[in-house]
Amino acid sequence: MKIRKLVHNVYLIEKDGKEIIATKSGYGSHYGEKVFDGYREWIPYRSKLAAIFLKGYSIKFKPNWKILYLGAASGTTASHLADIVEDGIIYAIEYSAKPFAKFLGLAKERKNIIPILEDASKPWRYSGIVEKVDFIYQDIAQKNQIEIFKLNSKIFLKKGGEGMIMVKARSIDSTVESERVFSRVIEDLSKNFEILKHGSLEPFHKDHIFVHVRS
Ligand SMILES: C[S@@+](CC[C@H](N)C(=O)[O-])C[C@H]1O[C@@H](n2cnc3c(N)ncnc32)[C@H](O)[C@@H]1O
């Protein structure tokens with residue numbers, strides 16, 4: 001087994017002739033991923049952030065970062081992020097009760113996750129709970145997702161803080177080509193943020209890009 005560290009608690013592992021991404025973790029399986037030798041396999045088809053790492057782009061997460069996570073669902077990606085920011089905290093927003101119920105199970109066993117059942121388009125409703133953060137991760141597949149990201153950044157992102165937005169072209173506009181939607185999104189974000197990197201999530205997530213920004 002060949003192992004290479006990417007960032008704190010994230011490893012690229014050559015195992016059984018295959019390259020995989022895993023986080024170092026003292027916890028068990030959360031969504032059916034394999035657990036071996038103190039690592040949890042991070043499945044790129046289930047988590048867009050795992051796909052980004054596997055495609056060779058690293059976000060330099062620090063173990064003590066405070067993160068605002070918009071669209072936590074049942075916690076697939078949040079569970080790995082919790083392994084990474086082990087001395088930090090994740091404020092996780094999700095408005096759908098069904099995935100949130102499973103997410104609560106994860107939050108109970110992790111001391112660094114604060115689960116919040118709320119609508120990310122109404123950040124004033126959770127501004128009494130969430131503090132200023134180093135990083136905003138957004139994966140909500142909504143038409144107005146850029147507006148939602150800007151709104152949350154304005155309130156919660158520290159100056160110089162970073163963000164990552166997962167963009168699904170069809171959720172924003174299904175009437176024009178994906179490439180046009182992506183260009184518009186990047187142009188829109190560049191009015192308020194420095195664009196650090198953007199890229200496709202293919203072949204793991206069709207018709208999606210990520211955009212990494214700094215405030
Ligand atoms: C693609 S899934 C997220 C998957 C998750 N990020 C992961 O990788 O484990 C999108 C989630 O965003 C949630 N969502 C969409 N709009 C939202 C909003 N305005 N406020 C809070 N959650 C929202 C949906 O309920 C859904 O659970």
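Reader: In which loop is Asp207 found?

Author: This is a predicted model. In it, phi of Asp207 is near 60°, a positive value in a residue other than glycine. The loop that holds Asp207 is the one between strand 11 and strand 12.

Reader: Is Asp207 buried or exposed?

Author: A residue counts as buried when its relative accessible area is under 20%. The relative accessibility of Asp207 is 12%, so Asp207 is buried.

Reader: Which residue is joined to Pro203 by a cis peptide bond?

Author: Pro203 also sits in the loop between strand 11 and strand 12. Omega of the bond in question is about 0°. The partner of Pro203 in this cis peptide bond is Glu202.

Reader: What is the relative accessible area of Asn9?

Author: Asn9 lies in the loop between strand 1 (2-7) and strand 2 (10-15). Its phi is near 65°, a positive value in a residue other than glycine. Asn9 is buried, and its relative accessible area is 7%.

Reader: What span does helix 6 reach from its first C-alpha to its last?

Author: Helix 6 covers residues 178-190, which is 13 residues. At 1.5 Å a residue, 18 Å is expected. The span in the model is close to that, at 18 Å.

Reader: Why do the buried residues of helix 6 line one face, and within what arc do they fall?

Author: The buried residues of helix 6 are Val181, Phe182, Val185, Ile186 and Leu189. An α-helix has 3.6 residues a turn, so residues three or four places apart point the same way. Seen down the axis of helix 6, the buried residues line one face because they fall within an arc of 130°.

Reader: Which residues are exposed on the other side of helix 6?

Author: The buried residues of helix 6 are covered by elements including helix 4 (145-156), strand 10 (157-168), helix 5 (169-172), strand 11 (194-200) and strand 12 (208-214). On the other side of helix 6, the exposed residues are Glu179 and Arg180.

Reader: Which residue has a side-chain N or O atom 2.9 Å from a nitrogen atom of the ligand?

Author: The ligand is surrounded by 16 residues, and the closest are Tyr69, Thr77, Glu94, Ala120 and Gln142. A backbone N or O atom of Gly71 is 2.9 Å from a nitrogen atom of the ligand, and for a backbone N or O atom of Tyr95 the distance to a ligand nitrogen is 3.3 Å. The side-chain atom at 2.9 Å belongs to Asp119.

Reader: How much of the ligand's area does the protein bury?

Author: Taken alone, the ligand exposes 610 Å². Of that area, the protein buries 83%.

Terms used:
Residues are numbered from 1 along each chain as its sequence is written. This is a predicted model: local features need pLDDT of at least 70, side-chain atom pairs count only at pLDDT 80 or more; totals for chains, interfaces and linings use all residues. Side-chain values use heavy atoms; hydrogens and water are left out. Helices (H or I, at least four residues) and strands (E, at least two) are DSSP runs, numbered from the N terminus. The expected span of a helix is 1.5 Å times one less than its number of residues. Buried means under 20% relative accessible area, exposed over 50%, partly exposed in between (1.4 Å probe, protein chains only). The arc is that of the directions from the helix axis to the C-beta atoms. Contact means heavy atoms within 4.5 Å. A residue is near a molecule or strand if one of its heavy atoms lies within 4 Å of it. A polar contact is a pair of N or O atoms within 3.5 Å; within protein, one must be able to donate a hydrogen and the other to accept it, and residues adjacent in sequence count only if both atoms are side-chain atoms. Accessible areas come from the Shrake-Rupley method with a 1.4 Å probe; for residues, only the protein chains shown count as cover.
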